[in-house]
Amino acid sequence: MTEPAPILVVLGIDGEGKARASRFAERDAELAAKASALLGFRFVWINDEAGCAIAESLPQGNVFARVNGFIRLVRQSVFEKLSAFMDGGVATTPEQRRSDDR
Amino acid sequence: MSNKSKLGEFDWAAGLIRRICRIAGEPRLIDKLSRDLGRRGVRSAIRRHNTSALFDWLVETVSFQGIGNHVAHDYMERHGRVQWNEIAALIDAGPTCPKLQSYWHFDHCGYQKVERRCTEPAHFAACPLPTHDLRNGRLNQAAYSLFFFIRDVASGDLIGWIDRRLADADLPSARGRAMRLRDALIEPLSHIHGVSNKVLSMALADLLLAGDPRRVLWTEAGAVMIAVDTLVHNFLHRTGILRRQGAEHPYGPTCYAPDGCGEILERIAATIDARRFNPAFPANFPRFVQHAVWRFCAESGLDECNGRRIDDRARCDRRECPVFRLCDRVALKPEGDLQDD
């Protein structure tokens, strides 16, 4: 069985305490990493099957949009499921992802 | 409307616009733009990837939005222009406002010049935006948003960013290639605060068409960038093109929506071979067609179709207009409630 393609996700809690998460195309990884670091959000590559199933349902983010358009509001339950995957050892940077792939 | 009669309406509209191109089409459009960009140092700025010079030109171009060109120009002559180096120095000084950290933070700044207020009143006294005496607060926000975009998204090299975006969108065999090249630039840049689609298309079209003829992708993308201002919109309304296409709408963002002014002009331009006006032109050249419509209307052009020449409360009665017989002469504001041009 082939492994799912890793999905790039940015998530975090905004200044108003609201849960936000979006997925991004791989070509936008550099800008998504830069923006998420500046805005204090978390940048992760989801690469296991169950995590990818959740990540695929996330709204598409836009690296050229500002704050609200960059990552979207999501339901708390979805955010918590995603967070669980991260805490379960999901790679958090492209470098880590690449080293995991080796 | 049946498909057959729809086709007939489109042929009529295309015929009218073709006539406008013969009357007002500018065969030296690219040469004139090249000379203007050369005179203003933009062509050498492109060669040297000189971001600050390009920013200064772009932000001045953006300042022409929302008001007559001469008013905007006079204001800048009297009050000065905002420059890259000024903003860079002010941002390097570390302003306290949390919105001035990066492109992605600069959202809902809300600076209003006359009212002297914003959405971060605790930081207003130390804010650098009011230090630039621009015509209104929206222009100050546009200048800072553009600065942050170039610094953070384009990593300080706008020319390199344009080259990369166009190269990534360049799939030679795919349909709609030119439109994809255009969208690869317009979509990201349209998120810059305070820069209208019209001004963005106009500035980019000039830059791409005439900035560097050796950059083939630039020319292709610039050729399909259309700037719909009130003159162009009102022409499409007055002539009856919008009505016959079932696309009547007020001037504004709808002009760039599906079936809006931009899309109608694009479809018509696809039926006009611009090489007949200048063999060096691309065959499909929507910007040339849109410019011909604008030039036909504008006071500074042929001055044929605008609010000063036509009493818009009734059908146009200018029998001397060269397209009088072809035109439906739809009253623009029979009840006096539409926009002026």
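Student: Before I look at side chains, what counts as a polar contact here?
Tutor: A polar contact is a pair of N or O atoms within 3.5 Å; within protein, one must be able to donate a hydrogen and the other to accept it, and residues adjacent in sequence count only if both atoms are side-chain atoms. The side chains of Arg287(B) and Gln290(B) make one at 2.7 Å.

Student: What kind of model is it, and how are things numbered?
Tutor: This is a predicted model, in which local features need pLDDT of at least 70 and side-chain atom pairs count only at pLDDT 80 or more, while totals for chains, interfaces and linings use all residues. Residues are numbered from 1 along each chain as its sequence is written, chains are lettered from A and ligands numbered from 1 in the order in which they are written, and side-chain values use heavy atoms, with hydrogens and water left out.

Student: Back to Arg287(B). Buried or exposed?
Tutor: Arg287(B) counts as buried because its relative accessibility is 6%. Buried means under 20% relative accessible area, exposed over 50%, and partly exposed in between (1.4 Å probe, protein chains only). Arg287(B) lies in helix α15, residues 286-297 of chain B. Helices (H or I, at least four residues) and strands (E, at least two) are DSSP runs, numbered from the N terminus.

Student: What does Arg287(B) touch?
Tutor: Leaving out residues up to four places away in sequence, its contacts include Met202(B), Asp206(B), Leu209(B) and Met225(B). Contact means heavy atoms within 4.5 Å.

Student: Where is Val74(A)?
Tutor: Val74(A) sits in the loop between α3 (67-70) and α4 (76-87) of chain A. Val74(A) counts as buried because its relative accessibility is 16%. Among the residues it touches, not counting those up to four places away in sequence, are Ala19(A), Leu58(A) and Phe79(A).

Student: How many residues does each chain give to the contact between A and B?
Tutor: Chain B gives 19 residues and chain A gives 13. About 1,300 Å² is buried between them, 57% of it from carbon and sulfur atoms. Buried area is the accessible area (1.4 Å probe) that two parts lose on being put together, summed over both. On the chain B side, Trp104(B), Asp107(B) and His191(B) lose the most area to chain A, together 48% of what that side buries.

Student: Which side chains meet in a salt bridge there?
Tutor: Arg66(A) and Asp107(B), at 3.2 Å from N to O. A salt bridge is a side-chain nitrogen of Lys or Arg within 4 Å of a carboxyl oxygen of Asp or Glu. The interface also has eight residue pairs in polar contact, both at pLDDT 80 or more.

Student: And how many salt bridges over all chains?
Tutor: The count comes to 30. One of them joins the side chains of Arg244(B) and Asp328(B) at 2.8 Å, N to O. That pair links distant parts of the chain, 84 residues apart: Arg244(B) is in helix α13 (residues 241-244) of chain B, and Asp328(B) is in the segment after α15.

Student: Is there a buried pair to look at, or a network? Which residues?
Tutor: Asp212(B) and Arg215(B) are both buried, and their side chains meet in a salt bridge at 2.7 Å, N to O. Arg40(B), Glu60(B), Glu77(B) and Arg81(B) are linked in a network of salt bridges.
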